[in-house]
Amino acid sequence: MKKIGYLCVFVMLGLAHCEENYKKDIGSGPLVIRYPENNEKMCIDEEVQLKCTSWRFGVEANNLGPWKTIPEECDDYVEDYMLGKGYKLDLEMVSKEAGAFAASHELVNDGKDIWVFDVDETLLSNLPYYSEHGFGLELFDHIEFDKWVEKGIAPAIQASLELYQEVANLGYKIFLLTGRSIRHKGVTIENLVRSGFHDWEKLIMRNPEDHAKLATIFKSEKRNEMEKGGFRIVGNSGDQWSDLLGSSMSIRSFKLPNPMYYIP
Ligand SMILES: [Mg+2]
């Protein structure tokens with residue numbers, strides 16, 4: 001939060017500077033926006049903002065190759081996005097569209113229509129952890145992250161909780177498919193229940209033999225098993241493309257925003 005404070009002061013100073021130049025410019029001639037010249041500081045800020053928006057678009061559209069950390073120049077940008085209104089609005093948009101699709105789809109109502117949810121950054125938010133670790137600027141540290149997971153205090157993503165309840169009320173069976181290790185089963189269940197998630201059909205986690213598998217492979221295999229069990233995967237919600245792509249894909253996939261990390 002301290003960092004945010006600094007950022008705001010910096011941005012406000014930048015804006016004040018910008019406004020001053022702007023006023024000078026409109027003193028004569030037609031009333032059109034004239035971008036101040038010789039103001040590299042402001043232009044750099046704007047350029048970073050644009051570059052990082054471009055980068056985030058690449059992330060969300062799955063255009064970027066595997067990446068390990070966010071670009072250094074985008075640290076404030078990602079922090080601002082995650083803690084500001086942008087992330088919240090994007091989550092709400094995904095949830096709303098997913099809910100509309102879920103309601104429009106005709107269920108067979110034999111208990112075999114299912115919705116798959118990922119857990120981290122889909123149902124539960126690890127933002128408290130990432131806010132202490134540079135919002136993706138630091139290399140992922142399994143040991144430190146496991147300590148956080150073991151606390152079992154990750155809050156619910158509100159928009160996803162609403163979608164979860166909506167699809168359950170519509171009659172979908174809910175499958176939770178997560179890359180978390182089976183050794184975190186107890187704490188994950190406690191955390192999910194504490195955050196408001198109940199009555200899922202199955203929680204599928206990585207067994208020791210799954211640990212070396214890419215998420216895309218692991219999750220495809222598990223979806224394949226669901227289909228073999230006669231289930232129809234209508235919807236799938238996840239913050240990584242590896243939650244959604246591969247084989248036995250859902251009829252509709254819903255990608256939640258996450259510019260902090262990439263899981264292949
Ligand atoms: Mg996830």
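For me, "buried" is 20 or more other C-beta atoms within 10 Å of a residue's own, "exposed" is 12 or fewer, and "partly exposed" is in between, with C-beta atoms placed from the backbone. Helices (H or I, at least four residues) and strands (E, at least two) are DSSP runs, numbered from the N terminus. A contact is a pair of residues whose C-beta atoms, placed from the backbone, lie within 7 Å.

A reminder before going on: this is a predicted model, in which local features need pLDDT of at least 70 and side-chain atom pairs count only at pLDDT 80 or more, while totals for chains, interfaces and linings use all residues. Residues are numbered from 1 along each chain as its sequence is written.

**Entry: the chain as a whole**

I noted 10 helices and 5 strands in the protein chain. Of its 264 residues, 31% count as buried. I then looked up the contacts with a separation of 6 or more, and residues 24 or more positions apart account for 77% of them.

**Entry: back to α9**

Which residues of α9 are buried? I listed Ala-215, Phe-218, Lys-219, Arg-223 and Met-226. They sit on the same side of α9, because they cover an arc of only 130° around the axis; the arc is that of the directions from the helix axis to the C-beta atoms.

After α9 comes Gly-230, with a positive phi near 90°.

How many residues of β1 are buried? The count is 5 of 5, so I wrote β1 down as mostly covered. In a regular strand the side chains alternate between the two faces of the sheet. Both faces of β1 are covered, with Asp-113, Trp-115 and Phe-117 buried on one side and Ile-114 and Val-116 buried on the other.

Next I looked up pairing, which requires that DSSP finds at least two bridges between two strands. β1 pairs with β4 in the parallel sense over 5 bridges, and Ile-114 stands opposite Ile-233 in β4. β1 is also joined to β2 by 4 bridges, and these two run parallel. Here Phe-117 has Leu-176 of β2 as its bridge partner.

β4 itself is largely enclosed by the rest of the structure, because 6 of its 7 residues are buried. β4 also pairs in the parallel sense with β5 (residues 252–255), over 4 bridges. Gly-235 stands opposite Arg-252 in β5.

**Entry: the core**

I took a nonpolar core to be a set of buried Ala, Val, Leu, Ile, Met, Phe, Trp, Tyr and Cys residues joined through C-beta atoms within 7 Å. The largest one has 45 residues, and those with the most contacts inside it are Val-78, Ile-114, Trp-115, Val-116, Leu-123, Phe-175 and Met-260. Elements giving two or more residues to this core include α2 (40–60), α4 (85–104), β1 (113–117) and β2 (173–181). The largest share, 5 residues, comes from α4.

What does Leu-123 touch? Leaving aside residues up to four places away in sequence, I found Phe-117, Ala-156, Ile-157, Ser-160, Tyr-164, Leu-192 and Phe-197.

Most residues other than glycine have a negative phi, and most peptide bonds are trans. Glu-121 lies in the loop between β1 and α5 (127–130) and is buried, with 24 other C-beta atoms within 10 Å.

Asn-62 also has a positive phi, near 65°, and is placed in the loop between α2 and α3. Is Asn-62 buried or partly exposed? I put it down as partly exposed, because it has 14 C-beta neighbours inside 10 Å.

His-211 is exposed, with 11 other C-beta atoms within 10 Å. His-211 and Ser-181 are 30 residues apart in sequence and 7.8 Å apart in space, C-alpha to C-alpha.

Terms used. Two residues are in contact if their C-beta atoms, placed from the backbone, lie within 7 Å.
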